[in-house]
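Please go through the points below with the model open. They cover confidence, fold, pairing and packing, in numbered paragraphs.

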Amino acid sequence: MSPIARAAGRALLVIAMIGGVVAVAWSHHAAAPVFDMNAEKTVMGVVKQVDWTNPHIWIWLEVQNASGQAETWGFEGMSPNFLARRGWTRTSLLPGMRITVTFRPLRDGKSGGMFMTGKLEDGKVLTSAGAE
Amino acid sequence: MKYAICIVLLLVTALTVSVAAQQSKPKPPGAADWAALAKLPDLTGVWEAPTVGRGGRGPAAAPPAEPQLTPAYAAKKRELDARNFDDTEAANCLPTGMPAIMGHPYPYEFLFTPGKVTIVTEAYMQVRHIYTDGRPLPADPDPTFNGTSIGRWDGDTLVVETIGFSPLTTMARNTPHSDKMRIVERFRLAGPDTMSVETTVIDPEALAKPWTTTRTLARHRDWTIREYICEENNRNFLDAQGKAGVKLTAPVK
C-alpha cells in the first residue's frame, strides 16, 4: 500500500472513530455541551489512576505544569463495556505509565476533557474506538 | 330453608372463585412448548447496532425520520426546545424508556422461553418482558418507562405491540407523547446474523401520522451482556436549570 493510501486510510479511520464517539456519547450524555468537540489538545503525563467504571472510564494523570508543579488532570473515556469488546482491558493503562493524551477540552476550562487517543511510551495507541 | 339457600350460595361463590383463579393461572410449560421454540425464527443471542468506526459489520444507519407532530404537540415541543436544556435526564442516569431504549449503542440479548420473549438491554441494565402466550394487552395498564408489551408471530416476523408509557418519558428529544401512544415493532431476520427492526410510533394526539424508523442489528455469538450500573461513577449531570456539567473531583482511591 502506498504511503498516500495509508494516510488516506488512517484519515478515514479517524473520521470513523469520531463518528463512533459521537454516537456512543449520546447514549448517556450529550458531549458538545460539556466538551469542546471542535478543539483538540494534547497533554503528557503519568497515569495516577484508572477508574474502569460505568458509565465512563476515567483516566487520571499527573501532569507537570509550566512552573514545574504537579497537577491532576481527568479524562472521560468510553465505558468498560464498549472498550472491553474492542481490545482494551482494565490493565491496558496502569499507574506509573507515561502517556500522551489527545482530548476534547472541558468547556469550563478545568484540567481535563474527553479522551480521544493515548500514546504509550512503547508506541502502543489506545483510542476511544478501541486499542491498536 | 333460608339457611340451606345460604349454604348453596356460599358453595357456588366459592366454586366460581376457585374456577376463576384456576383460569387466570397460566399452566406450566411442557416439553412440547419448549420444543415449539426451536421451530421459530432464531432471534436469540446478543445483538448490537453496527456503527461506523466501532468495528461494526454494516454501514452507518441513515439519520432517522423525524416525527411529524400535530399542531398542539409541535407547540409543546417548541416550548421545551425554547428552554434550551443542554441534555436530558439520562445524564443523571435516568433511563430513557421506550422507544429510545431500543436505540442505544449497547447490546441487547433476546431470550425465548415458552410464551415470552425477553429483551435484556445492557445500557442501564433493563429488561423488556414481551408476552407471546396469546394474552391481550391490558385495557389500562399502569404507565411505565418501557410500557406493557405483547408479541405475536406474523410469518417470520415477531410483531410486538406496546402501550402504557410514563409521562416522564418522551418519544424523541423534547417531544412528549400522549397517554394514547402505541408502539409496534417488527423484528425479522434479514440475514444469518442480521436483524431488521422496524418501529412505528402511533399517537393520534401527538402525531400527525405514524412515525416509522428502521434499525439493523448485528448478532455477536461470542459476546455476553455485561453489567452497567450508571451510578457506579457518573460524573456527568444535568441541573434543574438544564445546564450540563462534569464533576471533576480528585480520584477517590
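**Notes on the predicted model**

1. Of the 253 residues of chain B, 29% count as buried. A residue is buried if 20 or more other C-beta atoms lie within 10 Å of its own, exposed if 12 or fewer, and partly exposed in between, with C-beta atoms placed from the backbone. For the 132 residues of chain A, the buried share is 37%.

2. Conventions: this is a predicted model, in which local features need pLDDT of at least 70 and side-chain atom pairs count only at pLDDT 80 or more, while totals for chains, interfaces and linings use all residues. Residues are numbered from 1 along each chain as its sequence is written, and chains are lettered from A and ligands numbered from 1 in the order in which they are written.

3. Confidence in chain A: the average pLDDT (the predictor's confidence in each residue, from 0 to 100) is 84, and 79% of the residues score at least 70. Residues 5-26 of chain A fall below 50, although this stretch has 24 contacts in the model beyond near neighbours in sequence. Where pLDDT is low, the predicted coordinates should not be read in detail.

4. Secondary structure: chain A has 2 helices and 7 strands, and chain B has 3 helices and 13 strands. Helices (H or I, at least four residues) and strands (E, at least two) are DSSP runs, numbered from the N terminus. The order in chain A is α-β-β-β-α-β-β-β-β from the N terminus on.

5. Contact range: two residues are in contact if their C-beta atoms, placed from the backbone, lie within 7 Å. Among contacts in chain B between residues at least 6 apart in sequence, 57% join residues at least 24 apart. In chain A, residues 24 or more positions apart account for 54% of the contacts with a separation of 6 or more.

6. Pairing in chain A: strands pair if DSSP finds at least two bridges between them. S1(A) (residues 41-51) and S2(A) (residues 58-64) are antiparallel over 5 bridges, and a hairpin of 6 residues joins them. S2(A) also pairs with S3(A) (residues 70-76), antiparallel over 7 bridges; 5 residues lie between these two strands, and Gly68(A) in the turn has a positive phi of about 80°. Trp58(A) stands opposite Asp51(A) and has Glu76(A) as its bridge partner in S3(A).

7. Barrel in chain B: which strands close into it, and in what order? There are 9, in the order S1-S2-S3-S4-S5-S6-S9-S10-S11, with mixed pairing. The twist averages 30° from one strand to the next.

8. Val46(B) counts as partly exposed because it has 19 C-beta neighbours inside 10 Å. Beyond four places in sequence, its contacts include Pro107(B), Arg219(B) and Trp223(B).

9. Cores: a nonpolar core is a set of buried Ala, Val, Leu, Ile, Met, Phe, Trp, Tyr and Cys residues joined through C-beta atoms within 7 Å. The largest has 32 residues, of which Ile57(A), Ile59(A), Phe75(A) and Phe115(A) touch the most other members. Elements giving two or more residues to this core include S2(A), S3(A) and S13(B); S2(A) gives the most, with 4 residues. Among the contacts of Ile59(A) are Val47(A), Phe75(A), Leu93(A) and Phe115(A). Apart from this core lies another, of 29 residues, among them Leu69(B), Ile119(B), Leu158(B) and Leu207(B).

Terms used
Axes fitted to C-alpha atoms, helices over the stretch in contact; angles between N-to-C directions.
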